[in-house]
Amino acid sequence: MSDDWSVTSVIRRLLSPEGLADPYAIYSEIRAAADAGLPTGRFLFRYADVREALYDRDLSSDRVSAILRPLPEEARREAAPLEETMRDIVVFSDPPDHRRLRRLLLKAFTPRMVAQAKPAIEKLTRSLLDGLPAEGDAFDLHRGLMYPMPALVVSALLGIPEEEHEAFQGWALDLVLVVGSGRITPELARRASDSALRMRELLSRLVEQRRNAPGPDLLSAMIEAVNEGERLTENELYANALFLMTAGHETATNMLSNGLLALLRHPDQLELLRGDHSLLGSATEEMLRFEGPVQIAARIADRDRELCGLDLNRGQPVILLLGAANRDPDVFEDPDRFDITREAKGHLAFSHGMHFCLGAALARAEMEVVLPLVFERFPRLRLAEEDIEWQPTLDFRGPNRLLVR
């Protein structure tokens, strides 16, 4: 067991090949060290503590400065468009701005819109499945289905022209790498800043079109959303459209691939689900708990204070290990066991409190539509490669590819 639980040391371990393959072993070590009375740095990993921190409205979610701080001064100046975009994203905002942004986005992101998306999810999934081999050689289901499908769904919801889908996905991925890599470089910052500018150019054209001729899409709804006389500013429209694309693409992609992987690695649970489709709801929650697409969140201390046993200085970050909380043995019996009959609804895969995921209903709808269609099309599906190459990010967990046969 390690005796160095500094943030730098743990991040290094989590980004190592061993940590990417199995972060849960590191979470277990942190738990064991804490149980032994050893200091475990600025990490919260117990379910109750993580949930309390997520609910704490006095903790700040404005991590933009912390994310960009490693950049040299000149690179930070060059990344001004990226920083401007990030500061207007709802997930990085604090009250009262967060409350205003969230209420306006919820006016647009309605249950009705999610319900209307289900037929589109099914149509897109069937179309992508048609392009995959029916039998024989191994193929990458992550890149062939799980990667493009959520991006196509969110693009369709936003009303992004089909010819711009690929570019929009690339811009969103740059933002994911900035937020989740844990090691921003001047090159990445420049690329992401250029992506932010290109995204603004496209969205400014689309926003002008929607103002003149509103449609049934999410972007039109965001433009028209009014709460207590307030609307989203131009910059907030651009930033949060990109955020919805990022969250709706990257996290949903990983959610689907992680869920499929869990089922393929546990054939007894897959057979159970095949035999009883009524288990799809509980299976979805267990997949989210067991191998969540978002593993880490961070909050910033608003003042010198104590939080769940940690003494924090003002401006100091505290790291919330969502993946560890979702395998807390005090909450989930035998937490490292994948069990689709488990009552796992209390998991924190979608966060908690005021930052609870705006797209949780859409994500669940995608899981409940896509996975049954995959197993309907490929009734004898199995892994063609046991060793998984995971993407090298801290916040977001998902495979780079998923070879199946």
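First, my classes: Ala, Val, Leu, Ile, Met, Phe, Trp, Tyr, Cys and Pro count as nonpolar, Asp, Glu, Lys and Arg as charged, and the others, Gly among them, as polar.

Housekeeping: this is a predicted model, where local features need pLDDT of at least 70 and side-chain atom pairs pLDDT 80 or more, while totals for chains, interfaces and linings use all residues. Residues are numbered from 1 along each chain as its sequence is written, and side-chain values use heavy atoms, with hydrogens and water left out.

Cavity count. I found four cavities of 30 Å³ or more. A cavity here is a set of points, on a 1 Å grid over the protein atoms alone, where a 1.4 Å probe fits but cannot get out; lining residues have an atom within 4 Å of a point. Points join across faces, edges and corners, and volume is the space filled by probe spheres set on them.

Largest cavity. I get a volume of about 890 Å³. Its lining runs to 43 residues, with Val91, Phe243, Ala247, Thr251 and Val294 nearest the centre. The top contributor is α15, with eight residues; helices (H or I, at least four residues) and strands (E, at least two) are DSSP runs numbered from the N terminus. Among the elements supplying at least two residues each are α8 (97–108) and β3 (296–300).

Second largest cavity. This one holds about 110 Å³. I list 13 lining residues, including Leu20, Pro23 and Arg397 among those nearest its centre. By class they are eight nonpolar, four polar and one charged. α2 (17–21) and α3 (23–35) each supply at least two.

How values were computed. On a 1 Å grid over the protein atoms alone, a cavity is a set of points where a 1.4 Å probe fits but cannot get out, and a pocket is an open set with protein on both sides within 12 Å along at least five of seven lines; lining residues have an atom within 4 Å of a point.
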